[in-house]
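Here are my notes on the model you sent over.

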Amino acid sequence: MLSWAVRCVRLPLFSLRCLECGATTATAERRMFRVNANKKLLDVWLLVDCVRCGATSKIAVHERVPVRSVGRLRAFEKNAPRLVERVLLDPQVARRNRFTLDWDGAWYLDTPEVPSLDADWPVCVEVAFEAPVPLRPDRLIGQGLGLSRRAVERRVKCEVGLTRKACRAFAFTLLPRLA
């Protein structure tokens with residue numbers, strides 16, 4: 001069995017409108033949180049910057065919550081990089097703040113071993129994800145093998161739907177070419 005991996009190059013961009021210039025793309029590359037206390041209540045925001053003008057916006061992580069309910073307070077204060085990634089990938093935070101993630105250019109497919117397309121036997125390939133990048137398996141397999149999506153439909157058997165976005169590990173079998 002061959003192993004491929006979807007690896008991250010950078011954090012994904014946000015599809016979020018800038019209030020200063022109207023651009024629709026922001027980044028969290030600074031990986032910073034802002035924690036604000038108001039008596040016994042806390043606000044925690046992730047700071048994001050507009051790609052065009054650099055204006056800073058806030059994405060609410062916690063708003064007006066009791067101090068005791070914030071389990072990772074020290075991690076927020078220290079701007080823990082893994083916590084930034086976890087907040088970015090949290091669907092509740094995205095829904096509450098009305099943003100989507102733009103994964104274009106944030107990942108690459110690491111294919112150390114590419115199977116021969118002319119093999120006389122089936123070849124199994126396992127694809128692992130470093131981050132939950134939502135990708136269509138037919139496009140990912142086509143990119144890795146250099147096949148069209150039509151050829152992928154004919155020659156690949158997969159445990160997940162080829163045309164539905166996947167963000168978790170899966171395996172597929174490349175069938176031999178029919179003569």
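1. Helices (H or I, at least four residues) and strands (E, at least two) are DSSP runs, numbered from the N terminus. Bear in mind that this is a predicted model, where local features need pLDDT of at least 70 and side-chain atom pairs count only at pLDDT 80 or more, while totals for chains, interfaces and linings use all residues. Residues are numbered from 1 along each chain as its sequence is written, and side-chain values use heavy atoms, leaving out hydrogens and water.

2. The sheet is open and has 5 strands, in the order β5-β4-β3-β2-β6, with antiparallel pairing. β5 (56-66) and β6 (100-102) are the edge strands, each pairing on one side only.

3. Inside the sheet, β2 (residues 13-15) and β3 (residues 25-38) run antiparallel and are joined by 2 bridges. Look for F14, which stands opposite A26 in β3.

4. Helix α2 (residues 81-88) lies across β2, β3, β4 (41-50), β5 and β6, with contact meaning heavy atoms within 4.5 Å. The helix runs at about 100 degrees to β3; axes are lines fitted to C-alpha atoms, for helices over the stretch in contact, and angles run from 0 to 180 degrees between N-to-C directions.

5. How many disulfides does a search of the whole structure find? It finds 0, taking a disulfide as a pair of cysteine sulfur atoms within 2.5 Å. For C18, the closest cysteine sulfur is in C53, 3.7 Å away, so too far for a bond. For C8, the closest is in C167, at 12 Å, also too far.

6. C18 is buried at 7% relative accessibility, and C8 is partly exposed at 27% (buried is under 20% relative accessible area, exposed over 50%, partly exposed in between, with a 1.4 Å probe and protein chains only).

Key: Pairing = 2+ DSSP bridges.
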